[in-house]
Every structure is written in structure tokens, then in C-alpha cells.
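Please read this report with the sequence and the 3D view side by side.

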Amino acid sequence: MLTRKTILSRLFLAAVLFSQPFRSLHAQSRLSIDKVYSAYLRNSGSILEKGRIKGYFFLYQSDKIDRHTNEYTLQILDENLNKVKNIKFEDSKKLSLLESAYNGSTISFLFKNEDNKTLDMKIYDFDGKMKYAYSREFDKKTDDLMKQYETLHTDEGMNKNVFDLGDEGFVSVLPMREGKARTYEVDFYSSQTKKQWTYVPSDDAEKYAFAEYLGCTDSLIILEVMKRNHALSGDVTSHLVGINFVTKKKQFDIDNINDTKIMVPSSVTPMDGTGNIMVMGSFFEKGDNIVKDFSKGLAIYEISTAGKVLTKTYNTWAGDFARYLPTNSKGKIDEVGFLYIHKLIRTPDHKLFVVGEGYKRQANAAGIALAVLARGNTPMGVTKIVVTDMVIMEFDDKYKVRNATIYDKTNNTAIASNISDYNSQHLLANYLKMTGAFDYEFTTGDEGNANFAVCYSDWVRSSDYKGQTFNSIRYNGKKFTTDKIELKSKASTLRVFPAKAGSIMILEYYKKDKRLDFRLEKLG
Amino acid sequence: MDDGEMIAPPLKSMKNLRFEPRHSGFLFVFTSLIVSLLLLLGAPFADAQGSDFSPLKEDSGALLRLLGACQRTYEEELDQIPSKNRKDFLEVYNERWENVKAKFDKQEIYTSVVAQEYLDALVAEITKANPVLRGHPFRCYFSRSGIPNASYIGEGVILFNMGLFQRLDNESEAAWVLCHEISHFLLRHQENGIAKYVATINSEEVQAELHKIKGSEYRKRERLQSLVKGMTFDSRRHSRDHEAQADSMGVELLRNTPYALSGALTALALLDKIDADSLNMAVCLPQLFNSKDYPFQKRWLAKEEGLLGGHAHIGKEGIEDSLKTHPDCLLRMRVLTPVINRIAATGSATFVVDEKRFAELQRIFRYEGIEYAYVSKAYSQSLFLTMDLLRKRPADAYLVAQVGRLLNELYLAQKAHMLSRVTDLPSPEYPANYNLLLQFIQNLYMEDLAAISFYYLDQYHPQLDHYSAFKNAYDQSVRSMKP
């Protein structure tokens, strides 16, 4: 959709690793260092700790060792773009770095080695020395995961499958597929001792299950799991699953089956001082089909670490939200469409802000014309899905909605294929999320979220400016302000990364000069 | 390129910035008390007369004339370049010329007639005592850079940074700095280095090895690394051999002058400590920027635990000394001390030209360094230098206005998403207190910058309104405060 989202993954850099100690010479028969040697940037990304930016990694191919092996240099920068370490190692020439996370004492990197067909987790210490390396094979079962990495990150620069568990280590949640069965595995990697274990769900229902990591506490990994139980009705059920990484067992599985309302969790956040967890998601009436039917509103639960639901609060589209937003009973907001919840932010003064983005189906003029000409035989849909405005909702300490504001942006086309003609709103939202089609990018804030900025991209077509913009809605503890950065640049490619609180990192690559520039800019 | 420098050059990277605020702890506490008292009284005042400093308007015509003279030297040098590997020589010399030219184009060269006359007189004392220097076309200028440095930059140009001059104790130290740089020029350290490099890179052995490496598919980096290890010329800023040679010759030049030879040793001792960091930013920032209507917030100084144990840290292997603006000073002193002790020097004076002028220039240079950092859009550096001087002169209108002016510029830069172009980012290479100032700037949002500037300047309004620099800064801060 946007050029930013098609950033090339392989940038050519001349002599990046040689810090210019040599003059370049251009006599025809004479050679200079920069004519003899080049390094290639293979991957780059953010290093996160509890969802907060701690630095960046750049993986360069710095040499070829033999037919099968390359030398790599992993350059680590801190949050202020200072070089922390250069780690050199040799590995398969078919190596890519998928994700990285930091837990305060060690840094983990998940590599994909296509030669060995392994996923390698390497954990490094303060001095840049490798402490532990864990390896697991990947095969057809993990095809979905690989496809996920090949597609675009949903939240630009943010992790999808690797997360830190504080001092304990790291966890990755991997989708698995075998035949018609779709399930998941949770890999735990210790950073304290050489210890790794895998949680494999064992009940029948989880033979058709999708899991998404929502967060962790000091002992729990919390997942949202959607299951289809063929032994029962075949309907999809939503579960909040807690896996205890100390006991290595499932701690709880909350499914709402016996409840009058069903919640589909989408976000969790630990609650300060209580040890409890706050969970938010859409809710449905008992008997509703959570895939096909419209949600009734948003639910917020407080649960204990044992999985006991302590409080339940519901805000309905038709009642509560309608006071602040022009919504109908189906949860559709005028002009905005349906709302996808991206982020839940709790501030030190116990306010709760929820970040949503609208999406809706529209007639696709080009698709209709093509359908007429091709007598319906076209992959282009007669409808298309557009992502619309950003919505920020404020909840009080009783979790009741107290305000909601729509932030206008362009209706950007997200899906123009016939996928949009046949699927329900939920499946479409999941598809949009999976393919990175939403404009929401990330939220950056200081510890405790007294200040935070919700960031999203847009495509502006005005008389003053036509092109990509990067936008923020910033909360300073009292009020929201907006900011817009026009991203037109002379660079061949430009990419915006999340950065330390209140800032973004802009990476620009100048192909002609073979130059990579990166800078931090504060959001206004 | 900078082989002829006495010390690390500040050419491109602001990472070379080093400060050495030389104030006693007592003085700091005393001035801090004054500032605190003034703030407590709620009506701090500045010098009603404004400031006894106003920035020098650079003389563009003079700069052009000086540049023209340098260009003639450059062209003469080009005529003397050997025909063998001429293209390579031209490329390096051209690069050096561009650097020299930039010093004039960016108005780094200080064109004050009084200052230049003083520097010329100092140089004249050296050339008068050393007939060997006659006929050698070198020129010395003050650079407005606040970095404590001096350098021979090529084309016969020696720069004496204000940041170094203002920290010296007497003329004999200044004379030794000049003798050292003149020695680099006389010994043709840069030119010899260039020639050696061009010859090496074009030698049959190196070219043969480069061709071999180019033709090979594997282990290119490893082989290149081992090849370049043998090359003697690189861009390392501290060529120890050259420094030792320049020290020795510098002493030989200085011994013939009326100046005390001990100036060489005291200057080196001073350089060794020049990075000492005494401006206590954790105290200074809340003192300056706390107001009743916009109280200083803890979070403005908060530093997050960074990657791998704090902000990036530097490796341990003897790096501490190499990070200094002037490494190896103690070693150089050890080598020079017996030499100086053996020499029967002719002079013993610490001042010859003009002690009063020396002190007056030191005073002005503190301000000019602030102004030059400002016009160069190095706002965080300018703010640091301003705060440092403000400790001693809390009532100085120029400094008060400058704080406001810088905060306003930071506000405008943040608004235009250009903050990264005008301020440094915290880095392990900077002194701790400068890093804290950088962290402070990073932690501020636009509304903070606007309010801090406004409430800071408002303390001096309307007393300083007659001072145009203040009035402009104040008016801008009022505009920034409007939603």
C-alpha cells in the first residue's frame, strides 16, 4: 500500500565495516580498498525489552568463507544510535535474522538457517559473547511462521514472535501446521542456564488453534488462543491461556463457555501493585458466532495470576460508546466503519486509553468495471476494504468509557482483491493485521505511560503535499496533541522505526552514494 | 589528513568535544548560592547595562583575502606534486584543500584585528628568535571553535582554537603550542604521510595483493585486513611518532625565545586534565529552570537503563586515554622533562607580548565560543558553554539572552523535526555532565521547551528589555507559548 512497506531487505553498502581509513583511488589499472571489498546489509530491526525500544540491530554479510559459509557482523546500536558491539561469526550463507529481544542482562537473536533448516536462538551477554545457543528444526510444520516473516510486520519494527521474560530468558510463540491441523508451540529459552523447553498444547481442541502472544508476568506467558473443536459444534472458541514458565504447565484457560457473555481478548497489561492482570477484548452474547457475528462492545476483565476472573466490565457500542461516537448496534461507526483494537494503555493516574483503527468495505469501481468486462472472472473484488480513521477511547478507573475521539486520516485501500467480497468483518480484520495493512505503526511512551505517542502512517493527497506522512497522537499526561512528518525524501528508501519514548528513528538509504543514514527525531 | 595536528581534530564529528571548565569547587558553590538566592527572591536581575560582550561581526572581505592567499599556496603545492601517481596525490590534496576552505567559508577563522595582531606578535617572538623559520610561508589564526585544540591543517595554516587558548595559564604555554604546530609544518608531517600512503597503495606488492584479493571469492575481508595492517599511513588522528618529533622540535624553537621552557610541561599537564568535567549539571539545570509556574520535573533528567548496562559503553582495553582530546600527555611530559632540564634556555618569561591582552582575549573567547557554536547550529554545545560561563557571570545579559535563544531554537527545531541536526545525542564518548544536558534536551517535549524558555526569560523581563538580543528571545518565547 505504501512505499515504506516495501522496503528492500537487502541493501548494498560499500565498505561499511571499514571506517574509511583508506583513500579511494581511481586509476584505471589501480585498485583501492573500496573497489575490492563491500559489505551487505542483510537484516535490520529493533531490539525490545517489554515492548520498549532498547536499540537496533544490523546484520551485515562481511565476508564469504567458502561455498556454504559466510562471515557475518552483527552490529548492535543502543537507543541513542551509539555502537554497542560488533559481533562477528560464521554461519550458513542462507542465514537471516528474524527478531531480537533484550531482557536487561542478555540479548537474544532468532536466526533462520535455511541450510540446516533450523531456527537458531542465540543469547549474548554484556560483553557481546554468546552465552547459549539453542536450535530447533523447522519443517513443513512451521511454513506458516516462515510465511509470516516473509510478509510484512504488522506493527512496523515491533516483534511478532520473540519476547523477553525478564531475568528468566526469552519466549517465542510459533504457529505450526500439519495437514489440516493447525496448532502452536511455545519455546522457552533460559538466559541464566542452558535450558530450553517447549510447551506443546495437548487437548484435542488445540489441534486447530491459533495463538497470539499478549504479554507476560514474572511467571506467566499469556496467550490468546482461538480454537475450533471439531468434537463439539465445530465453532471457533476464544481462550485466554496462561502458561506458567516456572512449572512448565498451563496455569489457566479461560473460555467464557459458561458465561452469558463471551470475550475475545486482544490485549493484556499487568496491574501495578496487585499482581493481577487486566484483559481487554471484544465481547459477544452467548450463542453468537465470534467469527461471523458483530461484537456487542468492548469488555475489560481483571484476572488473578491463578486465572480467576475478579471483575468484568462491559461497554456496548449501542449504549456506552454511542454517547461519544456515532455508532450503530453492530459496532459500526459512521464514516469510520468497524474498529480494530491495536493497543491498550494504562496511565499512572489509572486512566485507560484504547487505540483503535477503523476499517470498512467500499464499492470498488475498478473491480466492478473489470468484473463486467471479464464476466465476473477476475481476481479483483467488486468491493474493497479501506482502513479509515484512528480512534482513541478513554476509560475511567471503573473501566467505563468516558470519552472517544476520532482522528481523521485518508481512507487508504487495504484489500482490493476478491477476499474482501466474501469474508466476515473479523476475518478481514485479522487478515489486515496479518498482512500489515493497517496504518497503525506502534505506540511509544515512557515507563508507566505518563507520556505516550500513538504512531501511524498515512498517504496524503492535498494541494500542499502529496505523499507519505508519519503521524502521531501524543498524550502528555493532560491532553492529546497531533503531529505530522512529511516523509518525502531524496533517499532511495526510507523507513521509520520505533524509538525511545517520544521519538522515532528515521533510516534513509541513498543508493547512489551507498550511504545509510539514521537519525532520531522527537515527536512534537 | 590531520597528521600534523597536535591533537585530535574536531573537523567532522562533534564527538571530539571536550570541556574543561576550570573553576574551584568553592567558586561553584558560591555562584550557585547566588543563583539560588536570586531565584528565591523571585526577581533575579541581570546587568542593567546588558553585557560587555557583543559578538564580532566576521569580516567577509578579510576572510576572502586570507582564503585567496591560502589558495595560492595550494596551487603552488599542486605544481610541485610528482608526476608519478599524480592523480592519487591530487585527490588527497584536494580533500585537504576542501577542509581548509571550509574553515574560511564557515567563518571559523576569527577576523578580529586586535586578536590577530596579538597572535601575530606572539608568532613574531618565535620567528624573531628562530631565523630558521624565516621564509617559511605559514600563517596562524584563531579558530572560533570551543574545542580545546590546535592544529596544522595544511596550506601553511595553523589554527589555534579559542577553546584551548582560553584555558592556558600564560603566554609561554601559548608559545609552546605554536612551536609544536610550527614543527609539524616544518617537518612536513602531513605531506610526508600523504606521499608515503600514495607510494604504499600504488606499490607493486600492494597492488598485486589487491588484485589477488579482488580475484578471490572467499575471505576477502580477512585478507584485506591483514594487508592494511602493514600500511603505515592511515587516518589515525594521533600519530605518536609525529607528536614526539613535533614536541622535540617545539622545545628547540621555544628555547630560543624569551619564554620559559617550562611552558611546554605546564601546557602538557593542562592538556592532560583538559577533559575534566566540573560543571555539575544535575545541580545546575534545576537551579536555572525551576519556576513557580512551571516547576522543574524529575523526569526531565531521567535516564533509562540502556542496552547492555546503560548507554553504550566503551571497551576496556586502554580506551580511556585514547578517548581524551589529548592522549599520551603524561608520556610526552616524561620524555620532554629530561630534555628541558638539560637545556640552558635563554628565556624565563611567562609573558612577553601583553599580559592584559592575553587575559582580555581569554575573556572574549569564552563568549565567542558560545556564539560560534550557536551560529554553527551546534545548540547543545552552545548551551553547555553558556551554562558554564553563566555560573561565573549569572547577571550577564548576553548569557541570559543566549539561554533563551537556544531554548527557542531547540523548540523550533523540534517542531520542524530537525532536532537531531542541532543537538548531539547522549554518548559514552562525552563527559557525564554534557551527557546529562543532552538527556535533558531529549526528555523535553515542545511544550516543555516553550515553557522553560518563557519562564526563565520572564524573570529578567522587563529589566533586560532594552537589550535587543534579550527582547528578541523573550518575544519568541512568548510566541512559542501560544497554542
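## A hairpin in chain A

Strands β18(A) and β19(A) form a hairpin with six residues between them, and in the turn G273(A) has a positive phi of about 85 degrees. Strands here are DSSP runs of E with at least two residues, helices are runs of H or I with at least four residues, and both are numbered from the N terminus. Nine bridges join β18 (residues 261–270) of chain A to β19 (residues 277–285) of chain A, and the two run antiparallel; within this pairing, I262(A) stands opposite F284(A) in β19(A). Two strands are said to pair if DSSP finds at least two bridges between them.

This is a predicted model, in which local features need pLDDT of at least 70 and side-chain atom pairs count only at pLDDT 80 or more, while totals for chains, interfaces and linings use all residues. Residues are numbered from 1 along each chain as its sequence is written, and chains are lettered from A and ligands numbered from 1 in the order in which they are written.

## An open sheet and the whole of chain A

An open sheet of four strands in chain A has the order β14-β15-β16-β17, with antiparallel pairing. At its edges stand β14 (209–216) and β17 (249–254) of chain A, each with a single partner strand, so one side of each is left without a neighbour in the sheet. Neighbouring strands of this sheet are turned by 25 degrees against each other on average, direction ignored; such angles are taken between axes, which are lines fitted to C-alpha atoms (for helices, over the stretch in contact), and otherwise run from 0 to 180 degrees between N-to-C directions. Strand β16 (residues 236–244) of chain A is joined to β17(A) by five bridges in the antiparallel sense, and V241(A) has D253(A) as its bridge partner in β17(A).

Chain A has five helices and 33 strands. Of its 524 residues, 42% are buried, where buried means that 20 or more other C-beta atoms lie within 10 Å of the residue's own, exposed means 12 or fewer, and partly exposed is in between, with C-beta atoms placed from the backbone.

## Two nonpolar cores

A nonpolar core is a set of buried Ala, Val, Leu, Ile, Met, Phe, Trp, Tyr and Cys residues joined through C-beta atoms within 7 Å. The largest such core has 119 residues, and those with the most contacts inside it are I221(A), I222(A), L223(A), Y359(A) and I504(A). Strand β24 (residues 380–395) of chain A gives the most to this core, with seven residues. A second, separate core of 108 residues includes F142(B), A150(B), V353(B) and Y367(B).

Leaving aside neighbours within four places in sequence, I504(A) is in contact with several residues, including C455(A), F470(A) and L523(A); two residues are in contact if their C-beta atoms, placed from the backbone, lie within 7 Å.

## The three-stranded sheet of chain B

In chain B, three strands form an open sheet in the order β1-β3-β2, and the pairing is mixed. The edge strands are β1 and β2 of chain B, each of which pairs on one side only. The parallel part is the pairing of β1(B) with β3(B) over five bridges, in which S143(B) stands opposite N161(B) in β3(B). The antiparallel part is the pairing of β2(B) with β3(B) over four bridges, where S151(B) stands opposite L159(B) in β3(B).

Strand β1(B) is mostly covered, as four of its five residues are buried. Helix α6(B) lies across β1, β2 and β3 of chain B, running at about 25 degrees to β2(B).

## Helix α4 of chain B

How far apart are the end C-alpha atoms of helix α4 (residues 113–129) of chain B? They are 24 Å apart, which agrees with the 24 Å that its 17 residues should span at 1.5 Å a residue, the expected span being 1.5 Å times one less than the number of residues.

In α4(B), the buried residues are A115(B), Y118(B), L119(B), L122(B), V123(B), E125(B) and I126(B). They cover an arc of only 140 degrees around the axis, which puts them on the same side of α4(B); the arc is that of the directions from the helix axis to the C-beta atoms. The face turned away from the buried side of α4(B) carries the exposed residues V113(B), V114(B) and A124(B).
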